[in-house]
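Here is a short report on side-chain packing.

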Amino acid sequence: MTRKLKDQQSGTTASVRSSSNNNNNATNNRSTVSSSGSHAPSASRKQRPSKTARRVILGRFLFVSILIAVAVALGIGAYWLIASAENNLATTEYYSLSERAMKTAQEITLRKRLGTVTMAKMAASLHPHAHAWPFVTIPGYEVTTQNLIQTSNGREMGFCPLVRPHQLQDFEGFAYNYYYHARQPEVFPNTTAVSPFGRGVWGVGEGGRYHEVDGSTAWNSTRQILAPILHHNEGPFPALMLNLHFQKTRGIVIDAMMDCAEQMIATTTTATATTGESNDTSTECGAITDMLDLTSQEEGTGPGALIMQPIYATGTLNSTSNDTTTLLVGLIASSIVWDETLVDVFASSVSGIDCVLKTQDTTYTYSINDGTAKVKGEGDLHNHDYNDYRLSIQLTPDGTFSQASPQYKLCIYPNEEFFETYTTNNPWIALAAVIGTLLLTSLFFLSYDFCVRKDMNAKQELLAAKRNFLRFISHEVRTPLNAVCMGLGMLEEELRNTLANSNDDPNNNTNTNTGINNANATTTVTTNATLEESTPLFSLAAKEPLRDVEAPPTPPTATSTLAVPILPPASAAVIQQETLSDWLCLTQDVLHSAQNSVDVLSDILNYDKVENGSLSLDLAKVDIWELVYRTINEFRLSATSKQLQLECIFLIDKNDDVDDNFQGQYESPTDLPTQVAQRQRVIGDSVRITQVVRNLVSNAIKFTPVGGQIRVQAKWNRSCHPNKNHPTNNSNKKKTVLSSGEEIQVEPSGYLDLTVTDTGAGMNSEQLALLFSSGVQFNVNELQKGAGSGLGLFIAKGIVDSHGGSLEANSEGIGYGTTFELILPLVRIPLPGGRGDEISNTSNHEPIQLGNGAPVVETPPADRPMTTRSGSVSAMSISSASPAGKKLLVVDDAPINRKLLIKLLKRKGHDCEEACDGKECVDMIVAAMEEGRRYDTILLDYQMPVMDGPTAASEIRKLGCDSFIVGITGNVLPEDVMAFKAKGANAVLPKPFEMPALESLWMEYGIEE
């Protein structure tokens, strides 16, 4: 772009078009240079294909050879590993399955005994006196035993009273009378318990059933006793009246049980006589038979056994004694078939396991197939090759039955079928797969490499396109908004000053030089195309010529006349004042809308940082009280214009650090005690924290209807946070390195509890759950009129989390308002000489100097613009204490940007020159250095034709120029900012340009007048 652009017609629209054209030209120029410079490398690459191809072929050969060798080694290793893994898996599964099965089998055995114990106790409780025995029955026996059998995994259960020979005849009469006549609810058929010899207690001999008459046995028992089955769980069972004592296997157990009972009774009687205490013996002396074949079991189920539990009653030992004691009067007999103990102890998919059941005299082997136990035969028939895998358990642990009872032990072994279940072709498959995969990989190596490189290039191009898109959008939106915001800011200031002057002199109604022609009864408004710069844009009593403004094109005549009715001077002044007030409000609204666009861009740029956790913080000792107060005041006018009551208070609760006289409520941080105002700080990024507070307050104003209330409360809470895991509950001292390089040691002193409560729209629980997600907006058209990006609260929460705090929201529901709670950790700052060492640049306290004598200034980095809000004092009207009268060089390819920026700087008393591109800037620097002149500050745009800003900065530094260079750019991506600084810029400020940001930089870097 040439200097002819200086003479083009100015104006916002024209300048934007000019800027866009210039950018396009610059892009075309850069594209041309890039294209012209790319031919030589392409030609050089074409000259080396054969050498590269040979290297690729050699690399492929080595790659394939190494792959084959590795494939063989890995294949063998994979075969061995998988085979070992299968064997280990089989072994582990065997032990796991077997241990669980043994415990289950033991539980089943003990559960079967538990049923007999329960029934024996019930019989004893029904007939506790020995003299009634054996002439007793158990009402409802069948129903009761069926229930017990179900709960105890039993099979069958019989009741057997012990009958002496002299009682036999009477007992038989009693039994048959019960069966045929007395039984309730119904009697048995008259054929029940009838043997070939007739009615009576019977046994089984070589000729079949015989009548028991005296209790003698073929196996020469020393006891003449009979144990007939009086009750059976199946009712009229064929074995009723069978004498269990006749058969040796059963009879030996009954004799042993009676011996045990007599010994136990004698021991108990002696102990009772000695100590006066009696022990419960109702479960003592239970017994189990050795393996035998039961008449009730099915064929092929293997051996069974009988569990017998004695029944005790109270009586005298003989007719001559009056001493009562416990006597054995009967027994409960329950059968067990041992394959039942192995039912469902293994999963249905388990096969190949041998279970060996043994006692001292008998052994049987069962095989497990598909989870079912089948008797394999008598004896130990397992494969002895697997003896090392033996597992065993006592099915009848010591103390379960009497000592005379046999001990049942279950031993488990695997066999070859079990291991075959876990043996597969996987080792061979793995061997072939490894070798085949690696060979296939070598064959498809080139295509894979090509696809990967293509995909990577596509992703890199996509990422670059994304970054370029953001860069383009940011630049192309910020650049025209730069002129809009500066122009509107200047206009706002002029309107504000004009209104202020009119209020100071309300009686000044003179029409001098106003163009009001009373004689002609019309008012003529004169517009001068060449106005002086020193006059205001607006004046109710214009005693001076109007300032230089870019007027729209006018006819060759010097004036244009607009006829309006003549009003009295006072009325005209009032009308003009009202008109200017309306224009001031309109200007503020437009400026606010423009700033909202900039905020949306900033949100988009910050979104990615928050999402991937790369948000950077410029740590400093932040005066959080002044920051909150200053930020809230920015929204006073916005709240007033919406007729909202905006209240800000500071609270101090009772704690050890503050005197009782200072505890309470304050309206301004200047009123806070020194222990709070100057010592309690937040270690964080003041600009980021300000962004969070602004977001909360602006949302409250946005969503609160006219006439509502907003209450902001900042409270110092000295105690720990109620949530024990909250990050602020850390009382350890720690060292912190600030962004300035200063290292300080701070001590946590509680936390700041900032709440923003409004009476606005409110939210329901579903909305609260989604509130801090990205892109979330509720009732956009109704509540926000389509404004906002939905990223503000997401970014705010990311900023708060980065500071070790928390941000939460609460609402009682739609229409009940919302409360946002911001919590930030506070630290106690040591005060050298009893004063604070850091203060905000707008604080009402006396400024405190750092070690270098410069006041502490919070300066926003380039990717975090310092913004103002509608309703606050304009950025253009904020006065600065920084030195004035500097020599500046403004470099920008957009004429409107240069014009407005120069006008703004001149109002501050600075002398400005301008250049339209980087090349002209460098030439002016060279000329100035030759003439012995120096520019204090160079304001340099980024993207310009001929030579861009970073290149110009680099050339300026090469010349040895030490001027303070500030980049003014719409490219605010971190890499663009760092690139600008790397080329020689001292600092970078984003567009739209704001004068306070530049003045802060001057103060920070100590730029003297």
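In this predicted model, a search of the whole structure turns up 22 aromatic pairs. One of them joins tryptophan 338 and tyrosine 408. Their ring centres lie 4.3 Å apart, with 35° between the planes, and the pair is tilted. Tryptophan 338 has a relative accessible area of 1%, so it counts as buried. Tyrosine 408 is buried too, at 0%.

Phenylalanine 964 and tyrosine 1005 form another pair. It is classed as tilted because the planes meet at 50°; the centres are 5.1 Å apart. This pair also links distant parts of the chain, 41 residues apart: phenylalanine 964 belongs to strand 29, and tyrosine 1005 to helix 22 (residues 995-1005). Are the two partners buried or exposed? Phenylalanine 964 is buried, with a relative accessible area of 4%. Tyrosine 1005 is partly exposed, at 41%.

Aromatic residues also gather in a cluster. Tyr94, Tyr95, Tyr386, Tyr389, Phe418, Phe419 and Tyr422 make up one such group.

Two arginines sit over aromatic rings, as tabulated here.

| Arginine | Ring | Distance to ring centre |
|---|---|---|
| Arginine 113 | Phenylalanine 401 | 5.6 Å |
| Arginine 209 | Tryptophan 202 | 3.6 Å |

Next, the nonpolar cores. The largest has 62 residues. Phe159, Tyr179, Met241, Leu244, Ile311 and Leu331 have the most contacts inside it. Elements giving two or more residues to this core include helix 3 (49-126), helix 5 (168-182), helix 6 (248-275), strand 8 (304-316) and strand 9 (324-337). Apart from it lies another core, of 48 residues, among them Tyr666, Leu807, Ala809 and Leu826.

What does phenylalanine 159 touch, not counting residues up to four places away in sequence? Its contacts include Ala123, Trp133, Val136, Ile138 and Tyr141. Pro228, Ile229, Leu230 and His231 are also among them, as are Ile311, Leu331 and Ile332.

Last, the loop serine. Serine 963 lies in the loop between helix 20 (949-958) and strand 29 (964-969). Why does serine 963 count as buried? Its relative accessibility is 1%, and buried means under 20%. Not counting residues up to four places away in sequence, serine 963 touches Arg934, Tyr935, Asp936, Ile938, Arg957 and Asn986.

Note on methods
Residues are numbered from 1 along each chain as its sequence is written. This is a predicted model: local features need pLDDT of at least 70, side-chain atom pairs count only at pLDDT 80 or more; totals for chains, interfaces and linings use all residues. Side-chain values use heavy atoms; hydrogens and water are left out. A nonpolar core is a set of buried Ala, Val, Leu, Ile, Met, Phe, Trp, Tyr and Cys residues joined through side-chain atoms within 4.5 Å. Buried means under 20% relative accessible area, exposed over 50%, partly exposed in between (1.4 Å probe, protein chains only). Helices (H or I, at least four residues) and strands (E, at least two) are DSSP runs, numbered from the N terminus. Contact means heavy atoms within 4.5 Å. Rings of Phe, Tyr and Trp (its six-membered ring) pair if their centres lie within 6.5 Å; planes under 30 degrees apart count as stacked, over 60 as edge-to-face and the rest as tilted. A charge sits over a ring if NZ of Lys or CZ of Arg is within 6 Å of the ring centre and within 35 degrees of the ring normal.
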